Amino acid sequence: MPESGSNRLETLVSLCKRRGFVYPGSEIYGGLNAIYDFGPLGVRLRRRIRDLWWREMVELRDDVEGIEAAILMNPAVWEASGHLGSFSDPMVDCLGECHQRFRADHLEGDRCPNCGGPLSPPRQFNLMFKTFFGPVEDESAVVYLRPETAQGMFVNFKQVLASTRQRVPFGIAQIGRSFRNEISTGNFIFRLRELEMMEMEWFCSPADDARWFDYWCEQRLSWHRSLGLGAERLRIRPHGEDEKAHYALASSDIEYLFPWGWGELEGIARRGDYDLRRHQEFSGRDLQYVDPLSGEHYLPFVVEPAVGVDRIFLALLLDAYDEEEVRGERRVVLRLRPEVAPFQVAVLPLQRKPPELGELARRVESELRRSFATEYDDTQSIGRRYRRQDEIGTPLAVTIDFGSLEDHAATIRERDSMEQVRVGLDQLGEACRERLGQVGSSAVRGAPDAG
Ligand code: GAP
């Protein structure tokens, strides 16, 4: 990996574009700041991240239910949640030459970091995107694009309770798009204006929330490690009093060491009964939980682990990126775990001719496709095809050569060691499974099926 932080990021941005992970959004029109589109490999990686999270947080547990709430919600939700009043950042304008806008709390000193000019006094800027509901564009028709998915869980709390057999403590989870009109963006997909969140609201007794907070901090940290992120580049940091969100009693961030320094990967917050209390007050509905044993009525407290798909995506790629010299040539390799790699096995016929070679390779690939995420590639020289697979993080390549027509065997090449072994075609599936299991995957629970 190139040494300096900005070079590392630039190298990755260019790989992402070249290979089809991430494109600048609407690029043919000059793009749109902090908006990105995900290409064919990017959607595969995102799907893996979402599937692994969903499996861990919902499917492998009896005590968490999943929902999908609408992006547009009654605007009263945002009044009750406090987002209309408090979801804002302090903004300053450069009054010197460049007139750029900055987040005041991201600046060191009181001069413009770009041109050195003086700065305006800070003023609060609400981060919610507004639009109009229906044909009339007046104040009464204003609705907001949700800035977090969490409120969908709070407003559906009673309905989930009534339609399932859950009892406190239990959780409600969802994955979905959120929108934030961030003042300052940058660092590629780290701070986006359209992002995807994976959030879980854990409803528990007020007496237990500190214990559950510790439990979820530990669970979530170990999940990030299980994805393959280097333990030395992960840490958990409690928030200072001045950093806490308007709803939080206390919070900790799971941080990753990005090329520009430590940055938030996931936030875990003790929201207390703030949200249910406010929704109860604003909606006039009784949102209390009735304990079936004691008959006690109370508003549960909430512990919330919330993480962005995009931040995990970026951390995984940065963490996996490696460069080395092999026989005098630079080799770029993404050392992704098989559970997150866009493809797990590439099938490569050595040449396009004779046609029987391609036919055999196609048959092998369609067999492997039933168990693994596979890609068939018969373009370019075999060396270039290996380089491409290394660069997109495919752990195994299966090469079908002239000999395969005779000995009914193929060569498996491992991405990390570049070792090659000859394996009978009837053993290929098992041999791939065994090798994929060895690429540091044992810690990942519930890997998704190949897709
Ligand atoms: N409901 C809690 C909540 O919204 P948050 O800390 O503001 O908490 C949760 O956001 C996570 O969403 C963050 O830890 C980060 O992973 C991701 N995230 C937040 N803002 C983001 C942005 N502008 N771009 C990309 N990801 C973002």
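How do the residues of the shell around the ligand divide into nonpolar, polar and charged?

Analyst: The shell residues divide into 9 nonpolar, 2 polar and 10 charged. Here Ala, Val, Leu, Ile, Met, Phe, Trp, Tyr, Cys and Pro count as nonpolar, Asp, Glu, Lys and Arg as charged, and the others, Gly among them, as polar.

A word on the basis. This is a predicted model, in which local features need pLDDT of at least 70 and side-chain atom pairs count only at pLDDT 80 or more, while totals for chains, interfaces and linings use all residues. Residues are numbered from 1 along each chain as its sequence is written, and side-chain values use heavy atoms, with hydrogens and water left out.

Now the ligand itself. There are 21 residues around it, and Glu 148, Arg 180, Glu 199, Glu 264 and Leu 265 come nearest. A residue is near a molecule if one of its heavy atoms lies within 4 Å of it. Three strands each supply at least two residues of this shell: E10 (194–204), E13 (261–272) and E16 (301–308). Strand E13 gives the most, with 5 residues. Strands are DSSP runs of E, at least two residues long, and helices are runs of H or I, at least four; both are numbered from the N terminus.

Next come the atom pairs. A polar contact is a pair of N or O atoms within 3.5 Å; within protein, one must be able to donate a hydrogen and the other to accept it, and residues adjacent in sequence count only if both atoms are side-chain atoms. Glu 182 has a polar side-chain atom 2.8 Å from a ligand nitrogen. Arg 271 also places a polar side-chain atom by a ligand nitrogen, at 3.4 Å. Gly 267 takes part through its backbone: a polar atom there is 3.4 Å from a ligand oxygen. How much of the ligand does the protein bury? The ligand alone exposes 550 Å², and the protein buries 92% of that. These areas come from the Shrake-Rupley method with a 1.4 Å probe; for residues, only the protein chains shown count as cover.

Step back to the whole chain. Its domain assignment gives domain 1 (39–83 + 129–134 + 145–318), domain 2 (88–126) and domain 3 (343–436). Such bounds come from an automatic or database assignment. The centres of domain 2 and domain 3 are 55 Å apart, taken over C-alpha atoms.

Then the cysteines. A disulfide is a covalent bond between the sulfur atoms of two cysteines. Here the criterion is two cysteine sulfur atoms within 2.5 Å. The structure holds 0 disulfides. Cys 94 is in none, and the nearest cysteine sulfur, in Cys 115, is 3.5 Å away. Cys 94 is buried at 2% relative accessible area. Cys 112 is buried too, at 4%. Buried means under 20% relative accessible area, exposed over 50%, and partly exposed in between, with a 1.4 Å probe and protein chains only.

The peptide bond from Val 168 to Pro 169 is cis, with omega near 5 degrees. Pro 169 sits in the loop between helix H6 (157–163) and strand E9 (170–179). Another cis bond runs from Lys 353 to Pro 354, with omega near -5 degrees. Pro 354 belongs to the loop between strand E19 (345–349) and helix H10 (355–368).

Two residues other than glycine have positive phi. Ala 34 has phi near 65 degrees. It is in the loop between strand E1 (22–24) and strand E2 (36–38), and it is buried at 9%. For His 408, phi is near 50 degrees. His 408 lies in the loop between helix H12 (402–407) and strand E22 (409–414). Is His 408 buried or exposed? His 408 is exposed, at 51%.

Last, two further residues. Thr 374 lies in strand E20 (residues 374–376) and is buried at 6%. Its side chain makes a polar contact of 2.7 Å with the side chain of Glu 365. Gly 383 lies in helix H11 (residues 382–391). At 28% relative accessibility, Gly 383 is partly exposed.
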